[in-house]
Amino acid sequence: MLHRVTCSTLELASFPRYQRSRRLLGHIHYRNMTTRIAPAVRKVIQLTDAEDHLCTLLDEFTRHLQENKNITTACRINGGWVRDKLLGMDSNDIDICLADMMGVTFAEGFVAFLSEQKHLHVHRIAKIESNPNQSKHLETARTTLLGMDLDFVNLRSEEYAEDSRIPTEVKFGTPLEDALRRDLTINTLFYNVHTRSVEDFTEKGLEDLQNGIIRTPLPPRETFLDDPLRVIRCIRFASRFGFEIESDLQQAAQLEIIQDSLAQKISRERVGEELDKMMKGQDPLRSIRIINDLKLYKCIYPIPPQITSIASSAPKPQELSLRAATILHGLLSSTCEDSMSLHPTLRSYVLQEPGCKARLFLAASLYSYHGITYLDPKGKEQTLVKCAIQDGLKLGRQNHYLDGIPSLYSASEFLNGVSLEQDRLKMPSERVAIALLLRQESVHNINTGSHWASSLVFSLVCELVSASGHEEAAECVQRYNALTRRVEELGLDKAADAKLILNGKTIARAMDEKPGPWMKAMLNMVLEWQLEHPDGTQDDCLAWLKEEKSAGRIDLEELKAATMGNKRVNPDEAASSKKVKR
């Protein structure tokens, strides 16, 4: 019996805040999550010219081994390449399984054969050692040929002691024995390069691929104990293809022994890599939803006990992370009613900017840790959000996860409640105030991948999580849309990236003074003038500065006294407040 992994509106209503805002999610809820069209599985794999050439070369080399060295082996392509080709997708990553022969030995001979007899250049063989403690049981040879990435491994069979899932013996196996050790039935299919045919030794792979089922070839408890990372891979493939997770697999994923193994046995880097693929995949919301349904949140986003014990508060309910992701998905879709529809500029930026959507979904999935801090050994305040990314997932600054996501949360706090009616967006003028808000470091910073559009979207998500009903939620969306419209009306969409029209040396020369800390306020004044006068030139700005000084509205002695002892500040980091006469 198959059980669909879902999180329905009724299930979400079980936590208090949601009961006051069912109408909100009713309009932006990700509907019919498990509804899918049965995949069109091809009966025959159609090879590209390069793939056809590769299969021919592999077949020729195996005959060369038999005829010249009396070595008998066979080559089969296994796993994702076979699955994707049957689904009509291209794949550049090819795993070649060898019968009764080690991958490194075969690969080294294959490269020599290609060089000496075919005069083909092949990249140097990279040998990847096995590491049973991290559930990597196979020695692998890796190279690149004809623009394709190739991994060579042997077909294997494994034996285990009763009290351990680290194999006591890994030996050559049959194709069936090898297939049974795989993670999912849809990944057990082989393509025989000699017969040019698909082989399904488990007799489940093709059927499950056709029916859209995520199932393990052996009992899931056994498969997961062999490599607990497979729990996360099941989630990734289910969300990638829209497949349904088989009920026994769901139950096994929630066993304490499996979750303990996932937390303790698998390196956090491997977990982070899988989550990164989910967030960059077709349906990150479904991944987050399944993580929540299978109660895997603490395994995938762990915070060390020694940190939670000193944190400013306990994490929020995990369902709020799902709620944030659901809201984000709804805002980025085009099916919301008008009152909940996100401004096209905001939506298009998130969907078109590489990596932005993945970063926002990962940020949303961490909402349970939002606003919670602790002091590190040096007494510096840190956030649980950053801890989860850095220590729990071992994700660095790739795709601006480690630096960009904390910035998103900082921006959400700064932007919270933002409205054109606020005084902060009126003084010293509406144009200048809005531009300075967009230039706020947490809101827009190329070094952290922050853009004012994505910061507005994520701040809106955070506000909607705590919205108490549809009316409040619609008003919230309209506030952010109104601000975005005003940004465009005023032509400020590029203001966040604008360079100062005058540099510090030019200002000091105009003021007939030596550069110093006093220039911070001057740089801010120049920035405000520049924002207020988008068509102004350098000469115009210099003339204005000299006039302000001549009229006594700039008191350099007062500025020097006020900034005595201060260090020089980068012009782009200058604050909007200044101690100057107006």
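**Sheet and nonpolar cores of the predicted model**

Strand β1 (residues 75-78) pairs with strand β2 (residues 93-98) in the antiparallel sense, over four bridges. Strands (E, at least two residues) and helices (H or I, at least four residues) are DSSP runs numbered from the N terminus, and two strands pair if DSSP finds at least two bridges between them. Arginine 76 stands opposite cysteine 97 in β2. The model is predicted: local features need pLDDT of at least 70 and side-chain atom pairs count only at pLDDT 80 or more, while totals for chains, interfaces and linings use all residues. Residues are numbered from 1 along each chain as its sequence is written, and side-chain values use heavy atoms, with hydrogens and water left out.

An open sheet with mixed pairing is formed by seven strands, in the order β3-β4-β5-β2-β1-β8-β9. Because β3 (126-128) and β9 (197-199) at the edges each have a single partner strand, one side of each is left without a neighbour in the sheet. From one strand to the next, the twist averages 30°; angles run from 0 to 180 degrees between N-to-C directions of lines fitted to C-alpha atoms, for helices over the stretch in contact. Helix α4 (residues 49-69) lies across β1, β2, β4 (140-145), β5 (148-154) and β8 (190-192), and runs at about 35° to β5. Contact means heavy atoms within 4.5 Å.

A nonpolar core is a set of buried Ala, Val, Leu, Ile, Met, Phe, Trp, Tyr and Cys residues joined through side-chain atoms within 4.5 Å, buried being under 20% relative accessible area (1.4 Å probe, protein chains only). The largest nonpolar core has 168 residues, of which Phe106, Phe152, Ile214, Tyr301, Leu362, Leu366 and Met522 touch the most other members. Helix α23 (residues 452-465) gives the largest share of this core, ten residues. A second, separate core of seven residues includes Cys97, Ala99, Val153 and Leu155.

Technical notes
Buried < 20%, exposed > 50% of the residue type's maximum accessible area, 1.4 Å probe, protein only.
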